[in-house]
Amino acid sequence: LTCCAFNSCRLFIKGGLAGAAVYVAYDQGLLGSGIEGAEALKKAQETLPPAIQEWTNYLGWEVRAAQIPAPPKIDFSVSNYWNKGVHKVMSALSVAPTRACEYTAEGWKYVKDLVK
């Protein structure tokens, strides 16, 4: 009984963390259009170095600004490529039922030809 309770507790914790991650991504505009994603990236590039410096000072670590690497320069438009993978997956999923019917019909035809 203890093992099942522990496993279900782990499941709820993992589900809660996943839900929180999706909520934060949605709240920051990462799941929106490419323009919103590019704005979120710029905002993160501006706020992360000061936040890292603040936390290292809070924890008592000696980190100088020269030790924190500069964010990489992105030389392509993020808004053009942001949701390209999502669009590909969704288009594949939208055609999946039709393709499944086509492949099923081809399979039945092949089996019928073998039986003849």
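## Aromatic pair

In this predicted model, one aromatic pair is counted under the rule that rings of Phe, Tyr and Trp (its six-membered ring) pair if their centres lie within 6.5 Å, with planes under 30 degrees apart taken as stacked, over 60 as edge-to-face and the rest as tilted. The ring centres of Trp55 and Tyr58 are 5.5 Å apart and their planes stand at 85 degrees, so the pair is edge-to-face.

Both Trp55 and Tyr58 belong to helix 2 (residues 34–59), where they are three residues apart, about one turn of the helix; helices here are DSSP runs of H or I with at least four residues, strands are runs of E with at least two, and both are numbered from the N terminus. Trp55 is exposed at a relative accessible area of 54%, and Tyr58 is exposed at 65%, where exposed means over 50%, buried under 20% and partly exposed in between (1.4 Å probe, protein chains only).

## Helix 2

The 26 residues of helix 2 should span 38 Å at 1.5 Å a residue, and its end C-alpha atoms are 36 Å apart, which agrees; the expected span is 1.5 Å times one less than the number of residues.

The buried residues of helix 2 include Gly34, Gly37, Ala38, Ala40 and Thr56. After helix 2 comes Gly60, which has a positive phi, near 85 degrees.

One salt bridge is counted, defined as a side-chain nitrogen of Lys or Arg within 4 Å of a carboxyl oxygen of Asp or Glu. It joins the side chains of Glu102 and Arg99 (3.9 Å, N to O), which both lie in helix 4, three residues apart, about one turn of the helix. Glu102 counts as partly exposed at 39% relative accessibility, as does Arg99 at 42%.

## Overall fold and confidence

The protein has four helices and zero strands, and 8% of its 116 residues count as buried. Its mean pLDDT (the predictor's confidence in each residue, from 0 to 100) is 80, and 83% of its residues reach 70 or more.

## Basis of the values

Residues are numbered from 1 along each chain as its sequence is written, and side-chain values use heavy atoms, with hydrogens and water left out. Because the model is predicted, local features need pLDDT of at least 70 and side-chain atom pairs count only at pLDDT 80 or more, whereas totals for chains, interfaces and linings use all residues.
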